[in-house]
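Here is a short tour of one protein model, to read with the structure open beside you.

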Amino acid sequence: MRPRRTVAVVAALAAVTVFVAGCGRDSGGELGSEDTPATQGSTVAAGDFGDLKDVCGSGSPTGAPAQGVTASEISVGVFSDVGFTKNSEFDDAAKVFTSWCNAAGGINGRKIAYNLRDSKIFEVRQRMIESCRDDFAIVGGGSALDAGGVEERLKCLLPDIPAQTSQPENIGSDLQIDAIGAGHSYIRYAGYFNWLLKEAYPASASSVGIIAGDSPVTKVIGDQTVEAVQKAGGTVTYNDLYPAAGVSDWTPYAQALKSKNVKGLVFQGDFRSLAKLEQVLSSIDYKLDWIDANSNAYGSAFVELAGASISDQNNLADLSGVAPLEVADEVPAIQKVLDLYRQYAPKAEVTFPALRAFSSWLLFAQSAKECGDDLTRKCLYDTAREQTAWTAGGLQASVDITKADAPLKCFNVVQAGADGWKPADFGADTGVFRCDAPSVKYTGSYGTPLTLASVGKSLSDLK
């Protein structure tokens with residue numbers, strides 16, 4: 001039984017690394033130093049965030065209108081696999097946001113108390129049962145095998161505003177709101193692949209390769225990627241899986257890419273593995289037109305691990321309309337996040353999932369604030385769903401959250417080089433984003449999200 005469990009653990013970890021960008025990485029060198037001056041307390045404590053005014057502030061609430069809500073406190077659950085991955089980015093984001101919000105007065109005077117629900121990959125259901133018992137809502141986290149908790153969450157009518165989702169049963173499930181607005185039935189990267197294959201590198205469309213980790217989550221993503229590439233006008237000439245336990249020698253994969261004359265590669269897996277593959281590609285003197293490293297590789301750790309090959313290969317990633325850290329001088333909301341981390345978690349790293357977590361926290365706080373003293377789950381969910389142009393104060397491109405399943409209209413691309421990541425020249429037309437992505441639905445069968453009806457409930461049961 002031990003070998004089977006080992007394989008399962010590694011497979012699950014591979015699933016995590018696709019969605020949790022850069023475990024244990026340095027985000028840019030500034031935030032790991034205790035000597036970095038903190039933003040003045042008066043500025044940090046202010047309840048404004050970007051163009052969102054008075055997100056957090058004082059008040060005189062009364063009563064306990066819902067589970068997890070008292071006259072002085074709101075109890076919120078944050079899911080994470082930190083006990084297995086040792087990646088504390090969701091915990092860090094929760095600490096930073098709640099520290100700032102509470103210092104500003106909380107939400108109408110109620111302080112936020114978050115409970116870290118460490119699912120350790122395999123304990124999602126157990127942690128969800130605990131969250132159902134104690135929490136008002138779930139905010140700003142995610143677990144690799146998140147399908148295991150959906151049924152329990154729907155049974156107890158627990159709203160969820162996650163930073164990330166992984167499995168088809170959970171992505172777009174009822175009572176869940178994705179703060180970046182990505183609908184489960186639409187191809188999230190349609191704009192990105194259109195740009196890659198029709199504008200930036202049209203010669204690559206005739207031969208695209210896909211390599212994905214051999215795990216339950218990444219295999220589904222690999223299948224979806226095939227469809228996405230094809231619908232953007234590309235031809236997939238190489239499609240392979242690599243063992244979740246790791247690859248000791250990437251030479252056969254590199255030689256296969258070269259022999260099939262693959263010009264563009266989509267890599268779905270651990271950025272450490274991609275760095276090793278690229279080193280081998282450089283050693284056999286084969287350069288692709290582009291490599292989609294995905295947001296998992298967005299961080300300095302990938303650049304460092306790739307070494308000299310980072311200059312040989314053209315690594316790109318789509319951030320799905322979330323502003324990159326490198327544009328802090330253009331986007332005040334990004335600078336705000338950096339300042340808050342310096343103030344409240346100077347040793348922590350600001351990662352891409354952390355930015356997504358902040359968007360979720362902001363949506364939660366803004367919606368809860370608008371509910372006023374009578375803060376119920378129904379009010380929270382209904383109010384969050386009323387956002388027609390959510391930008392998280394400027395952290396991301398505008399999305400219409402009133403639609404539970406809608407395509408992303410905006411995207412943005414970053415490019416890696418010897419000096420690190422930077423925005424690519426992708427034709428931004430709305431600030432740092434490009435907002436002309438086509439609406440393309442999946443036609444393949446990849447699983448469906450669970451609904452309230454599947455557990456004998458309906459929205460009318462939400463109180």
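## The parallel sheet

Strand 3 (residues 137-139) runs parallel to strand 4, with two bridges between them. Within this pairing, V139 has I161 of strand 4 as its bridge partner. Strands here pair if DSSP finds at least two bridges between them; helices (H or I, at least four residues) and strands (E, at least two) are DSSP runs numbered from the N terminus.

Zooming out, the open sheet has four strands in the order 2-1-3-4, with parallel pairing. Its edges are strand 2 (111-118) and strand 4 (160-161), each of which pairs on one side only. Helix 4 (residues 89-103) packs on the sheet and touches strand 1 (73-80) and strand 2, where contact means heavy atoms within 4.5 Å.

## An aromatic cluster

F49, F97, W100, Y341, F358, W361 and F364 make up one aromatic cluster. Rings of Phe, Tyr and Trp (its six-membered ring) pair if their centres lie within 6.5 Å; planes under 30 degrees apart count as stacked, over 60 as edge-to-face and the rest as tilted. By this rule there are 17 aromatic pairs. The ring centres of Y341 and F358 are 6.3 Å apart and the planes meet at 40°, so this pair is tilted.

## About the model

This is a predicted model: local features need pLDDT of at least 70, side-chain atom pairs count only at pLDDT 80 or more, and totals for chains, interfaces and linings use all residues. Residues are numbered from 1 along each chain as its sequence is written, and side-chain values use heavy atoms, leaving out hydrogens and water.

Note on methods
Axes are lines fitted to C-alpha atoms, for helices over the stretch in contact, and angles run from 0 to 180 degrees between N-to-C directions.
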